[in-house]
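Subject: A structure for you to explore

Hi there,

Here is the structure I promised to pass on to you.

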Amino acid sequence: MTDPNTRAHRIDRMPIPIRLVDAPTSQGMVVPFVTLAHRDRSRPVWGKLDPTRLREVWQHKLCQICGEPLTDPAVLYLRPADYLRGIAVEPGLHPECGLYSRRVCPMLSGAVDRYNPHPTYHRCTDPACTCARWIEPEPAPGEAVRDGQPAEAWYEAWIALADYAIVSDPGTENTAPATGIDLQPSSRIRRLRRIRDAAPGAHTLDLLAALIATRALFTSVDEPE
Ligand SMILES: [Zn+2]
Ligand SMILES: [Zn+2]
């Protein structure tokens, strides 16, 4: 999640789903399982991912917010660029963890128009904390290119847990390597909707919008919800 401090108005007392009642919180918001944090996890580095936890989440198909195994269906958040590449780089979520994130995450809720350019690190005094080794933390997927950039449109997709397959793209000269959920074929996307619009100045090539328009012509009775 992006730094909540950039939000114009603070979110106070957002209802927390039962799955997240024991999760650490910071400024009243749940600290996602994959977010980099001090040993005291109520002190996160918003906008940075913990590479070890991220590997664990991919390997065991865990929810990126609560860290528990995903259930069916899995909820994905993706941008048109992810769809073009065929990989959703944000790990999946439980539907209720997704609902929570969509409300509190400034990027997903549309409260901010730019990615947080400079997440800040502070060393803590806990000798058992790993922050002393945070010299060169691994960037989050796509982070190097998205820092400070105008927000793209974000979409919520539902896929069957059986279709939740992790793939790696080694990248090219112009694109960074990426790991994520295989989005091909697009028929595995069971439900798709836009949850925030692109900010002014963002890339506008949006094949996900086209996909929704196409699917609307063929709405079937087995669509979830
Ligand atoms: Zn969850
Ligand atoms: Zn620390």
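Strand E3 (residues 35-37) and strand E4 run antiparallel and are joined by two bridges. In this pairing, Thr 35 stands opposite Leu 49 of E4. The two strands make a hairpin, and six residues lie between them. A word on the terms: strands (E, at least two residues) and helices (H or I, at least four) are DSSP runs numbered from the N terminus, and two strands pair if DSSP finds at least two bridges between them.

Before we go on, please keep in mind that this is a predicted model: local features need pLDDT of at least 70, side-chain atom pairs count only at pLDDT 80 or more, and totals for chains, interfaces and linings use all residues. Residues are numbered from 1 along each chain as its sequence is written, chains are lettered from A and ligands numbered from 1 in the order in which they are written, and side-chain values use heavy atoms, with hydrogens and water left out.

Back to E4. Why is strand E4 (residues 44-49) described as largely enclosed by the rest of the structure? Five of its six residues are buried, so the rest of the structure largely encloses it. Here "buried" means under 20% relative accessible area, "exposed" over 50%, and "partly exposed" in between (1.4 Å probe, protein chains only).

There is also an open sheet of three strands, in the order E6-E9-E8, with antiparallel pairing. Strand E6 (87-88) and strand E8 (166-169) are at the edges with a single partner strand each, so one side of each has no neighbour in the sheet. E6 is joined to strand E9 (residues 178-182) by two bridges, and these strands run antiparallel. If you want to find the pairing in the model, look for Ala 88, whose bridge partner in E9 is Ile 181.

Now to the metals. Which residues hold the zinc ion (ligand 1)? Its ligands are Cys 63 (SG), Cys 66 (SG), His 94 (ND1) and Cys 97 (SG), at 2.1 to 2.4 Å. Donors are N, O and S atoms within 2.8 Å of the metal (3.2 Å for Na, K and Ca), and water is not among the atoms, so sites may look incomplete. The four donor atoms around this zinc ion (ligand 1) subtend angles of 93 to 118 degrees, which makes the arrangement tetrahedral. For four donors, that word requires all angles to lie between 85 and 135 degrees. Along the chain, the donors of ligand 1 have the spacing C-x2-C-x27-H-x2-C. Two of these residues are buried: His 94 has a relative accessible area of 0%, and Cys 97 has 0% as well.

The zinc ion (ligand 2) has His 38 (ND1), Cys 124 (SG), Cys 129 (SG) and Cys 131 (SG) as its protein donors, 2.1 to 2.4 Å away. The angles among its four donor atoms are 103 to 115 degrees, and the site is tetrahedral. The spacing of the donors of ligand 2 reads H-x85-C-x4-C-x1-C. Cys 129 counts as buried at 6% relative accessibility, and Cys 131 counts as buried at 2%.

Next, the charged side chains. Side chains of opposite charge can pair when their charged atoms come close. A salt bridge is a side-chain nitrogen of Lys or Arg within 4 Å of a carboxyl oxygen of Asp or Glu, and by this rule there are 12 of them. In one of them, Glu 96 meets Arg 19 at 2.7 Å, N to O. This pair links distant parts of the chain, with Glu 96 in helix H3 (residues 95-104) and Arg 19 in the segment before E1, 77 residues apart. Glu 96 is partly exposed at 30%, and Arg 19 is partly exposed at 34% relative accessibility.

Another salt bridge is formed by Asp 113 and Arg 196 (2.9 Å, N to O). Asp 113 lies in the loop between helix H4 (106-109) and helix H5 (143-146) and Arg 196 in strand E10 (residues 191-196), so the pair ties together parts 83 residues apart in sequence. Are these two partners buried or exposed? Asp 113 is partly exposed, with 39% relative accessible area, whereas Arg 196 is buried, with 6%.

Enjoy exploring!

Note on methods:
Tetrahedral: all angles 85-135°; square planar, octahedral: opposite > 155°, others 65-115°.
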